[in-house]
Amino acid sequence: MRNYIAIIGDIIKSKNIPNRFEFQEKLKDIFTRINTKYSHSIASKFSITIGDEFQAVLFLDKNLLQLLDELYVSIPYNFRLGIGFGSLSTKIDPEISIGADGEAFWNAREAIEFIHNSNYKNRCNIYFVGKKDIDSSINIIFLLSETIKSQWTTLQKDTFAAMINENIYGENFKQYDLARKLNTSESNLSRRLSNGNIKIYLRARNEITGLLEKYYEHSE
């Protein structure tokens, strides 16, 4: 039986969002773009479920954390993410994940309930459950990297968003080219990356991907 990554997301304090209907329409547009861009990584597309909760079924591949960080730079409000690994007991509908059920979603629900009750004073809103000994290490790396992200200035967030838009998700890239895109000098870009620990963040996120692939990819 094949295993998958189930994602359950929840917009924090969504009832307080002004023009909530407009936001939900924007959220649909965001999911349409991500579903298209990462189509090879998505088994069942991102869908809005109840209120401002959303979910998807993903394949475990190298794009997982980049995809999740694209959600971060695209959705203008804070949200929680529960990530679950496991099998599904229902047939996958590639177009919509509503109605999907099974171990992966049970684990994702457990994960989002955990982070709902323990988000380290809003420093970390993401948690993983796969029922293996490695889960603790994965979640510690999530906590540390999310703590880095929670301290970013607006300029550092914008820099990271530009990197995502340029499909940069690693420590080694041509800073000169990105600096030109940002209309700044290479030295200014280096300071932004250093002060925000952005390369350290990316190294941590890619370490999570490596651990997931090593310990889960062949567990089917």
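**Salt bridges and packing in the model**

Biologist: Is lysine 149 buried or exposed?
Modeller: Heads-up: it's a predicted model, where local features need pLDDT of at least 70, side-chain atom pairs count only at pLDDT 80 or more, and totals for chains, interfaces and linings use all residues. Residues are numbered from 1 along each chain as its sequence is written, and side-chain values use heavy atoms, leaving out hydrogens and water. Buried means under 20% relative accessible area, exposed over 50%, partly exposed in between (1.4 Å probe, protein chains only). Lysine 149 has 8% relative accessibility, so it counts as buried.

Biologist: Which residues do salt bridges with shared partners join into one network?
Modeller: A salt bridge here is a side-chain nitrogen of Lys or Arg within 4 Å of a carboxyl oxygen of Asp or Glu. Glutamate 146 pairs with lysine 149, with the closest N and O atoms 3.1 Å apart. Glutamate 146 also bridges to arginine 205 at 2.8 Å, N to O. Through shared partners, the network takes in Asp69, Glu146, Lys149 and Arg205.
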